[in-house]
Amino acid sequence: MDKTFRKNIITYFTGVAKKHKLLKYPILAVMFLSLFACYIGRNFVSNGKRYAGIAFVAVFFVSSCSFSYAVFAERTGFTSAQETYSAVVEVSDISLAVVEPLSAQSGVIPEESALVAEHEDDEVETYTLDDLLENHEHKVHGTESGQTESEAVPSGEEPAFDSTDWRLVLINKQHPIPEEYDFKLGTFTSGMRCDERVIEDLLLMMQAAKKDGLNLVVRSPYRTSDHQEDNFNGRIKSYMKQGLSYMEAYKATSRVITIPGCSEHEVGLALDITSDTFIPLLQGFADTEEGKWLDAHSHEYGFILRYPSGKEYITGIEYEPWHFRYVGREAAGIMKEKELCLEEFWDKYL
């Protein structure tokens with residue numbers, strides 16, 4: 001502060017205090033407050049841009065960050081805001097989606113079986129091989145296992161893959177469905193659709209399993225974006241009914257259901273497959289004969305277990321032994337042999 005200006009203020013107030021001895025201390029207090037205000041004002045003027053920047057960041061954080069917005073929606077009961085917010089890709093770093101599960105009281109997500117009972121992913125429509133063959137006239141003419149001639153790679157040569165190959169499109173929380181991605185749905189029944197290019201290998205795989213005495217069941221094929229959003233929002237509400245806050249429910253949901261716009265089901269490349277004796281989507285499916293068969297043989301028909309155990313920190317989704325994604329036989333064989341998830345395959349080969 002300018003010394004002359006400060007001196008003038010001190011001289012003025014001390015003079016007034018001498019004339020009015022009864023008001024001495026209040027006048028001195030006003031003097032100190034005046035000096036402090038002047039000091040702050042001058043400091044703000046000389047550092048105006050810095051303070052303005054800090055204020056802008058603070059206001060922006062409070063008004064628009066994911067945490068504050070979700071808390072506002074939860075406390076005010078603004079459910080439409082919750083549903084809109086749930087369709088946004090919240091996670092910018094995949095590690096945020098793989099923190100240890102939390103619950104309302106002790107930090108544990110409600111039991112898996114309880115969740116399924118509370119909110120089913122679909123209306124549990126299932127499709128057996130007989131259902132698919134009965135309602136589909138597609139002629140299956142491929143090989144039962146192994147590579148087709150077009151996919152065969154000469155011995156000793158390093159396989160080459162194209163990042164534009166529709167079979168290898170990477171879709172996850174960090175890579176939403178590309179706007180230019182195009183596909184055509186093949187329809188078995190009104191409720192069973194998938195990318196038509198997947199149908200032949202899907203039927204071959206189900207036929208091979210049946211020859212081994214196993215009955216595979218397709219439970220959740222292609223979904224529309226609206227269907228995916230309904231599933232996501234429904235699971236959030238289910239968690240909240242069990243005592244989780246909105247933010248806890250959102251994070252927990254993003255570990256078990258892919259965020260709308262980022263699901264492989266929405267392009268017809270992913271299928272949830274269980275058996276006629278084990279319908280629910282639970283990790284216990286891995287211990288069934290059908291689950292073991294799929295784990296051992298699905299790659300022979302171009303399918304991979306999309307969210308394997310031990311890869312949660314990469315995929316951002318918990319272990320799902322029922323969720324299979326079509327990538328083509330050659331890529332599936334490499335991923336099986338080298339124990340790679342799709343994200344790792346992309347880092348290594350594309």
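Analyst: Start with a cut-off: a polar contact is a pair of N or O atoms within 3.5 Å, where one must be able to donate a hydrogen and the other to accept it. The model is predicted.

User: What does the side chain of Thr 288 reach at 3.0 Å?

Analyst: The backbone nitrogen of Gly 291. The limit is within 3.5 Å, and the distance here is 3.0 Å. Thr 288 itself lies in the loop between strand 5 and helix 11 (289–297).

User: Why is Thr 288 called buried?

Analyst: Buried means under 20% relative accessible area. Thr 288 has 15%, so the label applies.

User: What makes strand 5 largely enclosed by the rest of the structure?

Analyst: Six of the six residues in 270–275 are buried, so the strand is largely enclosed. Both faces are covered. Ala 270, Asp 272 and Thr 274 are buried on one side. Leu 271, Ile 273 and Ser 275 are buried on the other.

User: Why do strand 4 and strand 5 count as paired?

Analyst: Pairing needs at least two bridges. Strand 4 (residues 216–220) and strand 5 have four, in the antiparallel sense, so they pair. Val 218 has Ile 273 as its bridge partner.

User: How many bridges link strand 5 and strand 7?

Analyst: Three, again in the antiparallel sense. Strand 7 spans residues 320–326. Its Arg 325 stands opposite Ala 270.

User: Where is confidence lowest, and where is it highest?

Analyst: Helix 5 (residues 79–86) is lowest, at a mean of 39. Strand 6 (residues 303–307) is highest, at 98. The chain's mean pLDDT is 77.

Key
Residues are numbered from 1 along each chain as its sequence is written. This is a predicted model: local features need pLDDT of at least 70, side-chain atom pairs count only at pLDDT 80 or more; totals for chains, interfaces and linings use all residues. Side-chain values use heavy atoms; hydrogens and water are left out. Buried means under 20% relative accessible area, exposed over 50%, partly exposed in between (1.4 Å probe, protein chains only). Helices (H or I, at least four residues) and strands (E, at least two) are DSSP runs, numbered from the N terminus. pLDDT is the predictor's confidence in each residue, from 0 to 100.
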